[in-house]
Amino acid sequence: MSARLAMLARLVLPCACAADVGADHGRLGAMLLQEGVCARLVACDVSARALSKARALYEALGLCERVRLHTGDGLSGLAPGEAQAIVCAGMGAVTMTGVLERGLAVIGDSALILSPTLGHGDVRRFLQRNGFALEQEALCRERGRFYVAMRARRGAAPPLTPAQEELGCYLGGSPLFSAYLRWRIGVAARMQTPQGRALHAVLAEAGNREEEGAP
């Protein structure tokens, strides 16, 4: 089982219907259905070819009667309130926040389970600007690469600090957090731009606080 997919699945709370946006091969949706996390699934992808792979998997597992497939952009295939959990993973922050912005009217009170490939701070800032509060976050490592996922829902929350924007609010308890933080600091140190230097300062300060055991 993929550690990344298992991490995403754990963030999805039991619901009647979940949506897998950018479903690709369909393995996450199949996992949610097989484990009883959701009764029904809407699998969305802009690529008809990707959805054909997902369809083949659902057919092989006998899940087709519980899945609706939609080929199209972002959340365009969802009706407001149709899915109580919306998973969006495997895309960069610009693409992901664009999908969410175009679908704000559809999201409503649904939980968002998000795992961008990069730009986690940009995604958290988008959530904060648009009235979403972080509920939980998770971190895993697969094939030498770190993956971060977060669950958010509409609601009030205190403003995030610069360190929380980049590193989240709930990852500090992960046994992988120290290694993840060191990796983020190293990446930022190689960014020879004003934004990169500012990011490195934020992350380095967080690293110092972690070493000192400060909250």
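This note goes through a predicted model point by point.

1. Basis. Residues are numbered from 1 along each chain as its sequence is written. In this predicted model, local features need pLDDT of at least 70 and side-chain atom pairs count only at pLDDT 80 or more, while totals for chains, interfaces and linings use all residues; side-chain values use heavy atoms, with hydrogens and water left out.

2. Helix α2. Helices (H or I, at least four residues) and strands (E, at least two) are DSSP runs, numbered from the N terminus. Buried means under 20% relative accessible area, exposed over 50%, and partly exposed in between (1.4 Å probe, protein chains only). Just after α2, G36 takes a positive phi of about 75°.

3. Nonpolar cores. A nonpolar core is a set of buried Ala, Val, Leu, Ile, Met, Phe, Trp, Tyr and Cys residues joined through side-chain atoms within 4.5 Å. The largest has 32 residues, of which L32, Y58 and I113 touch the most other members. Leaving aside residues up to four places away in sequence, L32 is in contact (heavy atoms within 4.5 Å) with A9, V12, A18, V37 and C38. A second, separate core has 27 residues, including L78, M96, L100 and M150.

4. Cysteines. With a disulfide taken as a pair of cysteine sulfur atoms within 2.5 Å, the structure holds 0 disulfides. For C17, the closest cysteine sulfur is that of C15, at 6.9 Å, which is too far for a bond. C17 counts as buried because its relative accessibility is 0%. C64 is also in no disulfide, and the nearest cysteine sulfur, that of C38, is 14 Å away. At 33% relative accessibility, C64 counts as partly exposed.

5. Most residues other than glycine have a negative phi. D24, which is not a glycine, has a positive phi of about 55°. D24 lies in the loop between β1 and α2 and, at 31% relative accessibility, counts as partly exposed. R143 also has a positive phi, near 55°. R143 sits in the loop between β6 (132-142) and β7 (145-154), and is exposed, with a relative accessible area of 86%.

6. Second largest pocket. On a 1 Å grid over the protein atoms alone, a pocket is an open set of points where a 1.4 Å probe fits, with protein on both sides within 12 Å along at least five of seven lines; lining residues have an atom within 4 Å of a point. The second largest pocket holds about 320 Å³ of space. Of its 15 lining residues, the closest to the centre are L118, G119, R184, V187 and L199. Helices α6 (120-129), α8 (177-189) and α9 (194-212) each supply at least two residues of the lining. By class, the lining has 7 nonpolar, 4 polar and 4 charged residues; Ala, Val, Leu, Ile, Met, Phe, Trp, Tyr, Cys and Pro count as nonpolar, Asp, Glu, Lys and Arg as charged, and the others, Gly among them, as polar.

7. R182. R182 lies in helix α8 and is exposed, with a relative accessible area of 57%. R182 and G103 are 79 residues apart in sequence and 35 Å apart in space, C-alpha to C-alpha.

Terms used. Grid points are joined across faces, edges and corners, and a volume is the space filled by probe spheres set on the points.
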